[in-house]
Amino acid sequence: MKYTIGKLLGVLFVVFFTLCAANSVSAIGVVSTITVRQSPEGITYDAAKREIFVANYGNNTVSVIADSNNTVVATIPLRSSPFGIVYDPGVGKIYVGCSDSKVYVIDDDTNKVVANVTVGLYPDWAAYDSGKGEIFVSNTGDGTVSVISDKNNTVVATVGLGASPKALCYDSGKGEIFVPCWEGGGPIKVISDSNNTVVATILLPETASIREPWAAGYDPIKDEIFVSNADGTVYIISDTNNTIVASLQAHGPTGFVYDSGKGLMFSANEYNNSVSVISNHTVIETIVVGLQPRAPAYDPAMGEIFVTNSYVNTVSVISDSPSVPNTTPGNNNNNNNNNNGGQQNNNADKKGTPGFELLIVIGAAAIVLFLKRKR
């Protein structure tokens, strides 16, 4: 069967444009980088205001970011170094644990501190219990968890753990709080919010080289708790019987957040400056962010994950939609600040350029023309 040169070139150009279209859709990736103040640690999303609140540990402030344009719209001064931070939608307040053993309460209407609550020593992490309207605070310095009622901003209970608590999470399905601890086998303590007592203790496997769980995150669809260990392992716990049902390898996760829009778990990995995307107990993608990522927050309105990068004073914004190219280290920044620790490729917001595919098509066309001339 004979083909004219025109037909052959037509086929080649169809292939070329198909490759172009395929290349224009790529992996989940960073879409923006926002400069905040020194040493951002904790982060939380305010759904009512569509704002992200960032605890700047090294600057005694909280940065407020609008998700409409990813810019800092307010900076709130505090008296002491803030670390853990959580949004309470029931009262429209932000609760911030600080190194002076106080939790400061910020009104999201005015972005001003309206109260402070004395808790335990070094209140480094916080979780909101929507069932009770309470804030649970990990006091790493004295091995306790403080329970704050958002009705009057008072401590209504103090739960002794006998171990140093880390980044805890709330399980809305069971009405329980899971608290990773550093002490004797790396226990995860389970607190019932019905009586504020420890109802279960989960030990990490004895075969683990290190048993120091750091952070916990809740998957409400599968009723599972993700717990990171200092050796880079992530253990998945079923809240039905509080047993480990699976594990996977990451790179030192220090924080988790569940993306309800995509059904994915995101972990901020301090060891290799990345964020892991986890589906069905498997890491399906790893995204490069800034130096020393510490904590993530999910913005369902935008379908984005905000991640604090403590070492370079930035927040990376990750789109959970696979319509932007995956990122590699670069120097793009929303605020034209070059100190971003390799946040993002300069062309991260552009479609991929099908240069390699173009070379293939041109080469194929040249071969066709040469063979035609030989005849």
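**Strand pairing, burial and core**

Mentor: Strand β19 and strand β20 (residues 224-229) pair in the antiparallel sense over 5 bridges, where strands are DSSP runs of E of at least two residues, numbered from the N terminus. The model is a predicted one, in which local features need pLDDT of at least 70 and side-chain atom pairs count only at pLDDT 80 or more, while totals for chains, interfaces and linings use all residues. Residues are numbered from 1 along each chain as its sequence is written, and side-chain values use heavy atoms, with hydrogens and water left out.

Trainee: Why is β11 called largely enclosed by the rest of the structure?

Mentor: Buried means under 20% relative accessible area, with exposed over 50% and partly exposed in between, using a 1.4 Å probe and protein chains only. In strand β11 (residues 134-139), 6 of the 6 residues are buried, so the strand is largely enclosed by the rest of the structure. In a regular strand the side chains alternate between the two faces of the sheet. Both faces of β11 are covered, with E134, F136 and S138 buried on one side and I135, V137 and N139 buried on the other.

Trainee: Which strands are joined to β11 by 6 bridges?

Mentor: Strand β10 (residues 123-129) is joined to β11 by 6 bridges and runs antiparallel to it, with Y128 standing opposite I135. Strand β12 (residues 144-149) is likewise joined to β11 by 6 bridges in an antiparallel arrangement, and V147 in β12 is the bridge partner of F136.

Trainee: What makes a set of residues a nonpolar core, and which members touch the most others in the largest one?

Mentor: A nonpolar core is a set of buried Ala, Val, Leu, Ile, Met, Phe, Trp, Tyr and Cys residues joined through side-chain atoms within 4.5 Å. The largest such core has 29 residues, of which V179 and I191 touch the most other members. Its largest share, 3 residues, comes from β16.

Trainee: How do you know that I191 is in contact with F136?

Mentor: Contact means heavy atoms within 4.5 Å, and, leaving aside neighbours within four places in sequence, the contacts of I191 include F136, V145, V159 and V179.

Definitions and conventions. Helices (H or I, at least four residues) and strands (E, at least two) are DSSP runs, numbered from the N terminus. Two strands pair if DSSP finds at least two bridges between them.
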